[in-house]
Amino acid sequence: MSEATPVQIELEGIAQEYPKPDGSGMLRVVDSIDLSLTPGITMLLGPSGCGKSTILRMMGGVRPLGVKTPTEGTVTIDGQPCDGPHDDAVMVFQRYANRPDLSVRENVAFPFRLKLWRDKVPESEQKSRVDDILREVGLADKAELRPHQLSGGQNQRVALARALVLRPRILLMDEPFGALDAQTREEMQALLSDLIADHPCLAVFVTHDVTEALLLGDRVLVLSTQPARVADDFTIDEPRPRSTLWLRSTGARALEERILDQLHA
Ligand SMILES: Nc1ncnc2c1ncn2[C@@H]1O[C@H](COP(=O)(O)OP(=O)(O)OP(=O)(O)O)[C@@H](O)[C@H]1O
Ligand SMILES: [Mg+2]
């Protein structure tokens, strides 16, 4: 599949069950999910523990050890059944997972140590991609520092850079800014908005933050309590970057209430 072909993820009749911790059978955490995802930013919200991370992992074909995932239904990417981690999908987590023994530059270049990415990206291009993305995330002057010499926001920039250096067609983010203070979080939201504009892809972003969903989402999916189903699904047409003024508009406030009502239903 060429980079120019718009990527598509389909979830059909998805259910997920996990063994209960006390061994008394299975717990159904996700039920009857049908979704079709296309490029753009989809924000995924839902009550704590409802199954957001489970569904996000499925979208990239990632499975927890020893658990059949999904228990029912199929995930297809570009029309092909997805039965393992998909080459085109990269994930970013709240714990940014930077290697403490490597510099910022080495952390960002780390995926090129893997055969998959070494084979896909010529060596001459790897260095220029790393330089470019370091500049784009504002870390060009920090390239030789180690993670412990960076702030939380800067460490999350490293994690984003390590994902985007691969120019992924699918970018799956699990509460990437969840551990950051309010001001840093706003900076990172603005940065992500710019980065996605420059690197269009199919992005799915799990968040607990309704304002974050309104600022970043082309589409908003709200899940119900466990077992998770899609409780609401709408698009936001306002172009990014979205201003504070827009957030205060009647239209944006109505969307905020719509999400909150669903989350508290
Ligand atoms: N590998 C696993 N084995 C057993 N149970 C699991 C496993 N992974 C998740 N669960 C259970 O499935 C449910 C959904 O978990 P998941 O992490 O997908 O929820 P979430 O919506 O991302 O939660 P949070 O908002 O806290 O991040 C939880 O009850 C969790 O305990
Ligand atoms: Mg989660």
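Reader: How many of the 265 residues of the chain count as buried?

Author: A residue is buried if 20 or more other C-beta atoms lie within 10 Å of its own, exposed if 12 or fewer, and partly exposed in between, with C-beta atoms placed from the backbone. By that count, 35% of the 265 residues of the chain are buried. This is a predicted model, in which local features need pLDDT of at least 70 and side-chain atom pairs count only at pLDDT 80 or more, while totals for chains, interfaces and linings use all residues. Residues are numbered from 1 along each chain as its sequence is written, and chains are lettered from A and ligands numbered from 1 in the order in which they are written.

Reader: What radius of gyration does the chain have?

Author: The radius of gyration is taken over C-alpha atoms, and the globule rule is 2.2 Å times the number of residues to the power 0.38. A compact globule of 265 residues would come near 18 Å, and the chain, at 19 Å, agrees with this. Along the principal axes, its C-alpha atoms fill a box of roughly 50 × 45 × 40 Å.

Reader: How many helices and strands are there?

Author: Helices (H or I, at least four residues) and strands (E, at least two) are DSSP runs, numbered from the N terminus. The chain has nine helices and ten strands.

Reader: Which domains does the chain have?

Author: Domain bounds come from an automatic or database domain assignment. Here domain 1 takes 1–88 + 170–265, and domain 2 takes 98–167. Their C-alpha centres are 25 Å apart. Two residues are in contact if their C-beta atoms, placed from the backbone, lie within 7 Å. Domain 1 puts 13 residues into the contact and domain 2 puts in ten. On the side of domain 1, helix 6 (residues 182–198) has the largest share, six residues.

Reader: Which classes of residue make up that side of domain 1?

Author: Ala, Val, Leu, Ile, Met, Phe, Trp, Tyr, Cys and Pro count as nonpolar, Asp, Glu, Lys and Arg as charged, and the others, Gly among them, as polar. The side of domain 1 that touches domain 2 has eight nonpolar, two polar and three charged residues.

Reader: Which residues are closest to ligand 1?

Author: A residue is near a molecule if its C-beta atom, placed from the backbone, lies within 6 Å of it. Of the 13 residues that surround ligand 1, the closest are Tyr18, Lys52, Ser53, Thr54 and Pro64. Helix 1 gives the most to this shell, three residues, and strand 1 (9–19) also supplies at least two. By class, the shell holds six nonpolar, six polar and one charged residues.

Reader: Where are peptide bonds cis?

Author: One is the bond from Thr69 to Pro70, with omega near -15°. Pro70 sits in the loop between helix 1 (52–59) and strand 4 (72–77). Another is the bond from Gln226 to Pro227, with omega near -5°. Pro227 belongs to the loop between strand 9 (219–223) and strand 10 (230–235).

Reader: Which residues other than glycine have a positive phi?

Author: Among them is Ala97, with phi near 55°. Ala97 lies in the loop between strand 6 (89–93) and helix 2 (104–109). Arg167 has a positive phi of about 45°, in the loop between helix 5 (152–164) and strand 7 (170–174). Ala97 is partly exposed, with 15 other C-beta atoms within 10 Å, and Arg167, with 16, counts as partly exposed.
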